[in-house]
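Here is a short briefing on one protein chain. Look at the sequence and the fold before reading on.

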Amino acid sequence: MTLRDNWSRVLTAAVAIVGTAAFVAVGSEQGATAAAGAGQAAASGAARSVMDGVYTAEQAKRGRGPYEKRCVLCHLDRGQGHEAMPEIVGQSLEREGDPEAPPVAGEVFQKKWGGRNAWDLFSTMASTMPVGSPRSLAQQEYADVLAYIFELNKFPAGGQDLTSSRDQLEPIAIGRAPGN
């Protein structure tokens with residue numbers, strides 16, 4: 001039996017214990033709902049989703065400034081990014097910014113990052129962006145830009161700012177729930 005199998009069995013047992021405790025503590029109907037929610041969170045590896053309102057509107061507003069200063073040349077004003085352009089001999093197709101910058105908003109972004117967590121995106125941003133000068137923003141500025149990216153993707157705002165803490169960001173799943 002592998003370590004992963006052991007971990008899976010421990011996690012399943014923990015979810016069953018939490019679910020049973022919730023069932024006993026709040027009654028059969030509410031406890032069953034709590035147990036189902038605990039099971040879904042454990043199965044997805046995330047306790048929350050961006051659909052739960054994980055940033056504030058004020059934070060997204062703060063993130064817009066650094067985005068417009070450092071990100072917009074490549075990822076463009078609505079986060080749509082640039083596609084790679086073919087090179088045509090004798091003709092300049094130069095544009096501002098990176099000739100191939102992936103979208104940070106919209107369907108392509110959500111397909112790429114859906115199912116991953118906010119820490120994955122935050123750490124990728126901080127370690128690679130902006131092109132040519134990664135890690136040039138303060139950690140909280142990267143968190144604010146992340147909030148702005150969530151706003152561009154129409155994920156709802158909530159009542160608490162994102163931080164740059166791995167412990168806070170890792171449990172947040174990126175993506176929309178089915179039907180949203």
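This is a predicted model: local features need pLDDT of at least 70, side-chain atom pairs count only at pLDDT 80 or more; totals for chains, interfaces and linings use all residues.

Residues are numbered from 1 along each chain as its sequence is written, and side-chain values use heavy atoms, with hydrogens and water left out.

**Y148**
- Y148 lies in helix α6, residues 139-152 (helices are DSSP runs of H or I, at least four residues, numbered from the N terminus).
- Y148 is buried at 5% relative accessible area (buried is under 20%, exposed over 50%, partly exposed in between, with a 1.4 Å probe and protein chains only).
- Leaving aside residues up to four places away in sequence, Y148 touches A60, G63, R64, Y67 and D77 (contact means heavy atoms within 4.5 Å).
- R62 is 86 residues from Y148 along the chain, yet their C-alpha atoms are 7.9 Å apart.

**Salt bridges**
- The structure has seven salt bridges (a side-chain nitrogen of Lys or Arg within 4 Å of a carboxyl oxygen of Asp or Glu).
- D77 pairs with R78, with 3.7 Å between the closest N and O atoms.
- D77 is partly exposed at 45%, while R78 is exposed at 56%.
- D120 forms a salt bridge with R116 at 3.8 Å between the closest N and O atoms.
- D120 is partly exposed at 23%, and R116 is partly exposed at 33%.
- R166 and E170 meet in a salt bridge at 3.2 Å, N to O.
- A network of salt bridges links R62, D144 and D161.

Technical notes. Helices (H or I, at least four residues) and strands (E, at least two) are DSSP runs, numbered from the N terminus.
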